Amino acid sequence: MHILDEELYQAGMAIAACPTAPCHEGHVRARLEQKLAGLPHVTTHRDEFGNLHALYEHRAAGREPFRVVAHMDHPAFVVTPDGLQFAGGVDEKYFAGKKIVFYGAKEVRSLGHARITGTAFKEETRRVEIDGKIPPGATFATWDLPPARCTKQLFLSPACDDLAQVSTVLALLRRLAHEEAPGRVHALFTRAEEIGFAGSFAALCTHTPLQPMATLSLETSQARGFAHVGQGPIVRVGDRSSIFDTRVTHWLETAFRDLAAKNPKTVCQRLLMGGGTCEASVFHRAGLPTGALCVALNNYHNMGPGQAIRSESISLHDWQGLYNFLYFLATEARSRAEADEAVGRRFARLEEKGLAALRQNVT
């Protein structure tokens, strides 16, 4: 038994069943297009680089529009003319003897298995040797891991990063559409994040420029430092490369406080997740008002204890909390301007009080 809303659970299981790799996100994208097809007030299109865009818009007057960004890839093995290479950030010590599964572009079914016999990692190339031939038609491979499942507290999947957040956005769009809720949400599902944010950079170079609205990167981020699995979704104030837009962060924090006033079980964390860089830095540097949300992740990039390859996992409580929050943000939360005014009023009160105290005690 799990605690997830059925919409989120079904989205999570459907997307987790899709194998993926950098530049080989077709199965995930096709499943998204299938699940979004025919929904009221939802339109989708692919840009010229293969990113998938989905827009929900209905009774949006007075609602703060925003964009959510989640990437459709995960570190994996890619078939090249020179053989098999690994794309993404996993330490070389994890590879020896591990089993992998091959897939092609046309079908989700497995095309074969192999075991890794050697690696040759350099700065730009990560060659992988296996104990057999690459199956005909195979274009990429993934670690051989069990299918996604829920325990009482966790969602375990071969690729929570970032397919869990792809699922969050899918479930959000479906809920908004089925309830015909007020709001305007642009979902951007990007490609090839794991090899240097390729899809995010591409989204900034398309024939149709991104509209200037609050842009929120959604991630599952390594549990480290003060970030703990099970203590609520995280308002991510920055990453290794950037501190994000302060006003967007204030808006998110204000919305969390307002949601907590309505539902006292609402909790969140506010942290700088400095373990790596996320897509928010790309959009922040491009001048878009940018923020980020995430949930803490176990076994980041499948790197488990003792050089074991393990499923990634996230807290069901954190995941459901983020999903609930995004729905509130779309349908009920104060606008960015209103949240900013609230912060301004607080500082005005502090200024008045502080100056009055100093004037009474001039030395």
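# Pocket, ring contacts and backbone exceptions

The largest pocket has a volume of about 610 Å³. The model is predicted, so local features need pLDDT of at least 70 and side-chain atom pairs count only at pLDDT 80 or more, while totals for chains, interfaces and linings use all residues. Residues are numbered from 1 along each chain as its sequence is written, and side-chain values use heavy atoms, with hydrogens and water left out.

**Largest pocket**

- A pocket is an open set of points on a 1 Å grid over the protein atoms alone, where a 1.4 Å probe fits, with protein on both sides within 12 Å along at least five of seven lines.
- The lining of the largest pocket consists of 28 residues, and Arg240, Gly275, Gly276, Thr277 and Tyr300 lie nearest its centre; lining residues have an atom within 4 Å of a point.
- Strand E13 (214-222) and strand E15 (269-272) are the elements that give two or more residues to this lining, and E13 gives the most, with four residues.
- Strands (E, at least two residues) and helices (H or I, at least four) are DSSP runs, numbered from the N terminus.
- By class, the lining has eight nonpolar, 13 polar and seven charged residues, with Asp, Glu, Lys and Arg counted as charged and Gly among the polar ones.

**Aromatic rings**

- There are 11 aromatic pairs, counted where ring centres of Phe, Tyr or Trp (its six-membered ring) lie within 6.5 Å; planes under 30 degrees apart are stacked, over 60 edge-to-face, and the rest tilted.
- Phe95 and Phe121 form an edge-to-face pair, because their ring centres are 5.0 Å apart and their planes are at 75°.
- Phe95 is in the loop between strand E5 (83-87) and strand E6 (99-103) and Phe121 in strand E7 (residues 112-121), so the pair ties together parts 26 residues apart in sequence.
- Ring pairs link Phe95 and Phe121 with Phe77, Phe86 and Trp143 into a cluster.

**Charges over rings**

- The charged end of Arg175 sits over the ring of Tyr327, 3.6 Å from its centre (NZ of Lys or CZ of Arg within 6 Å of the ring centre and within 35 degrees of the ring normal).
- Arg346 lies over the face of Phe347, 5.7 Å from the ring centre.

**Backbone**

- Asp161 and Asp162 are joined by a cis peptide bond with omega of about 0°; Asp162 is in helix H3 (residues 160-179).
- Arg59, not a glycine, has a positive phi of about 45° and is exposed at 53% relative accessible area.

Methods:
Grid points are joined across faces, edges and corners, and a volume is the space filled by probe spheres set on the points. Buried means under 20% relative accessible area, exposed over 50%, partly exposed in between (1.4 Å probe, protein chains only).
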